[in-house]
Amino acid sequence: MVEFVKAAGVSGERPARYAPGAQVRVRDEQWLVRKVGITSDGWMLEVTGVSPFVRGTDAVFYEDIEGAGQIEVLDPKRTRLVADDSPNHRRARLYLEAVLRKTALPQTEHGLALAGGFLMDFQTHQLRPAELALSLRNLRPRVLIADVVGLGKTLEIGILLAELIRRGRGERILVVSPAHVLEQFQRELWTRFALPLVRLDTTGIQRIQQDIPAGRNPFAYFKRVIISVDTLKGESYKQHLASTDWDVVVIDESHNLINRGTQNNDLARLLAARTDALILASATPHNGDARSFAELISLLDDAAIADLADYDPKDLEHLFIRRTKTAPEVRDGLRGEWADRGPSTPVPVSASVRERAVFAELAARWLPGDDAPAVAEPLIGYQLLKSFLSSHRALLATIATRMSTVEKAARETERRALVDLRMLAEAITDDDSAKLAALVAVLAELGVGPGSSTRVVVFSERIPTLRWLAETVPDKLGFRKTGKAEKVKPWLAYSGAVAVMHGDASTDDEQKRIVEAFGLRTDPVRLLFTGDIASEGVNLHQECAQLIHYDLPWSLIRIEQRNGRIDRYGQRIPPEFRALILTSDVKWRTDEHGTPLSLDDRLVGAKLLVREAEAHRIEGTAEAVTGLCRPRDEENRLVKDLIAGRSVERSLAASRQENGDFLASMLGNVGASPKIAEVATARVPTVFAATKDYFEEALRQICPTGPEDELALRRDADGTIAFEPPADLLHRLKALPKSYLDEQGILPGAGVPGRLRVTFNRGLAEKRLIAARETSGTQWPNVGYITDVHPVLDWVTDKALAAARHDEAFVLAFVPDPARAAAIDARLLADLAGPVFLVQGSYANALGRPTVVEWMAVTGLPERPRVVAMDAEFLAACGVSPAMPGRTAPDLASLQDLVPAAIDAARGCLAEREHEYAERVEAALAPAEARADRWEQLALDIANTAGSKARIDRTARRQEELVAAMKTEGAPMLRLLAVLDPLHVEGGHQ
């Protein structure tokens with residue numbers, strides 16, 4: 001129990017006419033003042049709605065325009081006390097809980113308030129990004145989440161978004177993701193966190209266009225949106241983005257934003273400038289260039305790096321967090337939750353006679369050893385080799401492309417060589433393809449076939465290879481065509497047993513459909529042939545633990561990304577990986593050690609397969625091996641070194657030596673806890689023991705004749721709560737994902753309520769989520785888990801808040817609990833013999849956000865006022881619970897006379913602690929101010945033009961303005977929440 005002051009006195013009023021943090025009444029509604037200024041129209045007040053009808057609405061009022069006396073500063077001393085005649089003071093308890101829930105946590109509260117309240121296994125490492133973003137080290141919640149593939153970045157984003165909502169800093173949210181993972185991202189945030197995002201892709205626009213007038217800004221109609229980066233950067237959205245502000249912007253796969261001058265980078269810079277919080281996510285955040293990474297970091301804080309070419313990664317740890325599976329906290333926490341990775345097994349395949357002929361031709365004319373002349377530059381030879389290592393079909397496609405270039409340039413020697421190579425490739429039939437036969441054998445060994453539930457994902461870099469495999473393999477495994485074969489997509493004739501996904505032919509909607517189907521147990525798909533479009537961000541692990549590399553990319557990162565599709569958080573079966581290694585007896589040349597080399601998959605692919613497995617086990621990430629972060633850079637480096645006669649091993653070692661020191665610090669574990677350490681949590685008062693109790697009590701209050709009658713509510717034994725949403729709730733549900741609403745039979749636009757099915761039972765919700773994949777034919781569960789940010793909970797909270805006017809406070813009769821009171825404070829039981837006034841006090845900054853919030857209980861009035869902390873223990877000691885006695889006729893007049901003294905005591909408490917509050921806020925801002933000062937000095941030291949100095953000055957001034965806006969400004973706001981009036985058995989109040 002915290003005692004604020006021993007005997008709080010009365011402090012003088014501040015001479016401000018209006019002050020940020022004050023509450024005013026304008027046009028019969030209550031508003032919170034965010035900012036005050038003088039204009040030609042008198043005082044200007046920027047405000048946010050507080051009363052139910054305008055809650056969350058921003059407005060600007062001008063004193064002269066409104067008229068004299070029309071802007072009324074609410075005086076808490078004039079709060080009117082009202083009796084609560086509901087059973088056990090249910091209405092008053094709900095109102096008090098609603099105020100506690102709707103009050104934003106202050107910027108000085110750095111603990112997490114909602115950890116453990118979501119539909120996910122509790123993993124401490126997944127709380128760290130939110131802890132970092134909300135810590136003392138950050139001026140604003142801006143962070144790059146760069147965990148390696150599979151650790152749960154989407155879950156980490158969901159936790160942070162929920163915490164920002166609890167702080168009143170997440171009302172307007174924009175999530176930007178690649179198109180092929182958009183629905184997956186939307187589904188995770190809804191099913192795990194109950195965060196609804198409106199989709200504004202092609203499918204989503206078709207759904208909502210009837211609600212938006214033509215040409216109007218869709219972001220003005222929907223506060224929380226998810227959209228693909230390609231859609232968002234289109235011309236139709238640019239004008240809307242330039243005039244839209246956000247509380248939070250999330251950009252997934254943010255490494256695609258790096259290059260200045262590109263549409264993606266321009267979009268990112270625009271969004272970064274128009275949002276308070278910014279969350280970037282990428283498993284590969286670095287492309288090997290210090291300046292490019294600095295560009296990404298500058299989106300978070302343009303005063304983070306002074307010298308873009310030379311900076312210490314340790315200076316960025318307040319903005320950047322990266323963990324690998326080797327981090328102790330991650331490793332220890334995931335035991336039992338993520339199956340250990342299985343082997344990466346090479347499957348040697350001896351080339352057929354006709355395939356060896358192609359290898360011989362490549363070795364003789366395109367990539368000859370011992371300095372013999374080639375018909376074209378070596379780079380062309382390696383392109384042809386890589387194509388052939390995929391398939392003869394891929395080689396023919398590469399030859400066709402190269403032939404058109406050669407014929408235009410009239411390169412006759414190369415043209416004739418291409419003709420000869422093409423003849424050899426065309427001679428190869430399906431029966432000549434050794435890798436095709438090996439793939440069929442491996443799939444058969446795994447049990448893939450009609451009647452089997454085994455699923456396998458097969459990766460190839462080449463589209464002709466993917467199409468050929470999809471057309472050929474199913475029949476060889478016994479799948480029979482039951483539909484009409486299409487010319488464009490003949491594999492569709494296998495009734496959904498085969499899917500093909502690659503960027504050139506698969507539309508965004510088709511990609512999302514394929515990914516969703518592959519994760520459904522009831523879907524017939526058994527074979528997914530895909531290119532590297534599926535190697536970033538896509539979850540393929542729900543029903544699959546087998547992956548085959550039909551061909552291997554010449555990139556450790558790409559191999560790791562592919563494997564990460566089934567080796568990720570939530571995988572319960574050890575994932576296994578196989579790679580088909582085509583070998584031949586065609587001798588090529590010797591390496592620098594004189595060892596003979598063969599021109600086949602043993603040259604590069606087989607070596608990278610082994611090295612990637614070692615990197616996963618030892619370094620934790622493939623990037624640490626080469627110091628490079630982009631697959632293209634890796635491949636270019638390898639080819640360059642091969643041309644120079646270096647081996648793959650030597651190339652990898654040299655690459656790490658050149659790039660390793662700087663990048664090792666960036667790509668290892670950054671911000672990782674050395675052990676599972678406790679995450680700080682916020683202490684927020686509460687009236688109810690659990691959210692479920694609050695919800696159930698609220699339903700009884702909302703429905704006077706009973707929720708069973710008014711909502712057709714049914715409670716099942718398994719924990720399901722099903723009811724028909726009323727009209728006002730149905731309107732709110734328009735923001736929920738359409739796929740989920742369809743599952744519930746709810747059509748908000750048509751006024752069809754359907755049946756909303758929710759639960760507080762985590763086990764049931766998890767079962768329903770699994771069942772959605774295994775039996776329902778959709779990945780959207782039919783029962784939703786209620787978290788503290790669920791729209792249904794918002795609905796009941798708003799209903800509870802409407803129970804009292806903004807100038808009223810309930811009076812509750814209470815019987816103190818002597819044992820609880822004595823455990824808190826020896827004097828408390830005597831204090832509880834008289835009335836207790838519950839008061840909220842807060843300071844705000846220039847942005848209208850609370851910097852400090854105090855929950856106070858004033859006792860001992862009128863003779864010996866004392867202010868103590870109103871926390872959950874105090875409320876329990878006062879017996880605030882469903883067992884409260886209730887009383888319909890308190891002595892309101894006597895209690896009303898004490899209201900001014902109670903407010904004065906609370907204000908005096910705040911005044912006595914004002915210096916402490918100021919120090920707390922200063923401490924929160926000091927690290928950011930110090931970093932900004934260091935940045936400015938260093939930046940000026942290296943600036944070499946007047947223009948750059950002017951830019952530095954502008955950036956420094958922006959930092960100063962941002963810090964100033966975060967500081968407490970104006971008078972404290974006080975609000976009388978309720979009065980607890982003791983019920984005495986003998987004498988006193990009856």
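A salt bridge is here a side-chain nitrogen of Lys or Arg within 4 Å of a carboxyl oxygen of Asp or Glu. Under that criterion Lys 102, Arg 732, Asp 794 and Asp 798 are linked in a network of salt bridges, and the structure holds 74 salt bridges. This is a predicted model, in which local features need pLDDT of at least 70 and side-chain atom pairs count only at pLDDT 80 or more, while totals for chains, interfaces and linings use all residues. Residues are numbered from 1 along each chain as its sequence is written, and side-chain values use heavy atoms, with hydrogens and water left out.

## Paired charges

Side chains of opposite charge can pair when their charged atoms come close.

| Arg 274 | Asp 245 | 3.0 Å |

Helices (H or I, at least four residues) and strands (E, at least two) are DSSP runs, numbered from the N terminus. Lys 386 is buried, with a relative accessible area of 7%, whereas Glu 635, at 24% relative accessibility, counts as partly exposed; buried means under 20% relative accessible area, exposed over 50%, and partly exposed in between (1.4 Å probe, protein chains only).

Asp 245 is partly exposed, with a relative accessible area of 47%, and Arg 274 counts as partly exposed at 25%.

The pair formed by Arg 611 and Glu 614 is of a local kind, because the two residues are three residues apart in helix α20 (residues 605-617) and are thus separated by about one helical turn. Glu 614 is partly exposed, with a relative accessible area of 29%.

## Buried charges without a salt bridge

Lys 325, in the loop between β14 and α11 (328-333), is buried yet has no salt bridge, and the nearest side chain of opposite charge, Asp 567, is 4.2 Å away; Lys and Arg count as positive and Asp and Glu as negative, while His and the chain ends are not counted. Not counting residues up to four places away in sequence, Lys 325 touches several residues, among them Val 148, Trp 338, Asp 567 and His 616, where contact means heavy atoms within 4.5 Å.

Asp 601, found in the loop between β22 (596-598) and α20, is likewise buried without a salt bridge, and its nearest side chain of opposite charge, Lys 435, is 4.2 Å away. Leaving aside neighbours within four places in sequence, the contacts of Asp 601 include Leu 389, Lys 435, Leu 580 and Ala 606.

## Surroundings of Asp 276

Asp 276 lies in strand β13 (residues 275-281) and counts as buried at 10% relative accessibility. Asp 276 and Asp 247 are 29 residues apart in sequence and 5.2 Å apart in space, C-alpha to C-alpha. Beyond its neighbours within four places in sequence, Asp 276 is in contact with residues including Arg 140, Arg 142, Arg 169, Asp 247 and Arg 849.

## Backbone exceptions

Most residues other than glycine have a negative phi, and most peptide bonds are trans. Glu 253, in the loop between β12 and α9, has a positive phi near 50 degrees and counts as buried at 11% relative accessibility. Ala 712, in the loop between α25 (707-710) and β23 (714-715), has a positive phi of about 50 degrees although it is not a glycine, and Ala 712 is partly exposed, with a relative accessible area of 32%. The peptide bond from Leu 861 to Pro 862 is cis, with omega near 5 degrees, and Pro 862 is placed in the loop between β29 (850-859) and β30 (866-869).
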